[in-house]
Amino acid sequence: MRLPLLLGCLLLSSGCIVAETRPSRPPRPPPRPPPSRPVAMGYDEAVRRGFDQCRARGYRCELKEAHLTGNDVWKVKFRVDGRGEKGHLHLDYDAYSRNLIKVNDKVKDKGGHWDDDWDGPGRGKKKGHAHRDD
């Protein structure tokens, strides 16, 4: 009878005593999330930046179109009018850096005339005269 009692005490006592010999470490902090990509500029911001650029050039601007390409480039196109000139202005903006990448400014005098004060070369041949009369 002593044997079962001794065996029972040994089994019960071994399950009750738990000791850790190493000091516990604080838990590791969770890893930092990856840096977020900057937010791309939207339609309204691209158009607003285009209008600002157009007005800075002294033009009255009318929006023709604005769209985002697959290369993350906003293409903003205007009809322009100003200082006796007429034409179009096309602007390309990087959607993430918001930098102005390209400007295509094709604006001409409404009457198709050049500045009358300029007396340089390039006026062409005189009209109404034979070349031997010169």
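**Exercises on a predicted model**

In this predicted model, the hairpin formed by β3 and β4 has five residues between the strands, and R98 takes a positive phi near 70 degrees there.

**Exercise 1.** State where R98 lies and decide whether R98 is buried, partly exposed or exposed.

Solution. Start with the location: R98 belongs to the loop between β3 and β4 (100–109). Next, take the relative accessible area of R98, which is 22%. Buried means under 20% and exposed means over 50%, so R98, at 22%, is partly exposed. As for the backbone, most residues other than glycine have a negative phi. The phi of R98, near 70 degrees, is positive in a residue other than glycine.

**Exercise 2.** Describe how β3 and β4 pair, and find the residue of β4 opposite L91.

Solution. The pairing is antiparallel and runs over nine bridges. Within β4, V103 stands opposite L91.

**Exercise 3.** Identify the elements that each supply at least two residues of the largest nonpolar core, then list the contacts of V80.

Solution. The core has 16 residues; those touching the most other members are C54, C61, W74, V76, F78, V80 and Y93. At least two residues come from each of α2 (43–56), β1 (60–68), β2 (73–82) and β3 (85–94). With neighbours within four places in sequence left aside, V80 contacts C54, Y59, R60, E85, K86, G87, H88, L89 and V107.

Methods. Residues are numbered from 1 along each chain as its sequence is written. This is a predicted model: local features need pLDDT of at least 70, side-chain atom pairs count only at pLDDT 80 or more; totals for chains, interfaces and linings use all residues. Side-chain values use heavy atoms; hydrogens and water are left out. A nonpolar core is a set of buried Ala, Val, Leu, Ile, Met, Phe, Trp, Tyr and Cys residues joined through side-chain atoms within 4.5 Å. Buried means under 20% relative accessible area, exposed over 50%, partly exposed in between (1.4 Å probe, protein chains only). Helices (H or I, at least four residues) and strands (E, at least two) are DSSP runs, numbered from the N terminus. Contact means heavy atoms within 4.5 Å. Two strands pair if DSSP finds at least two bridges between them.
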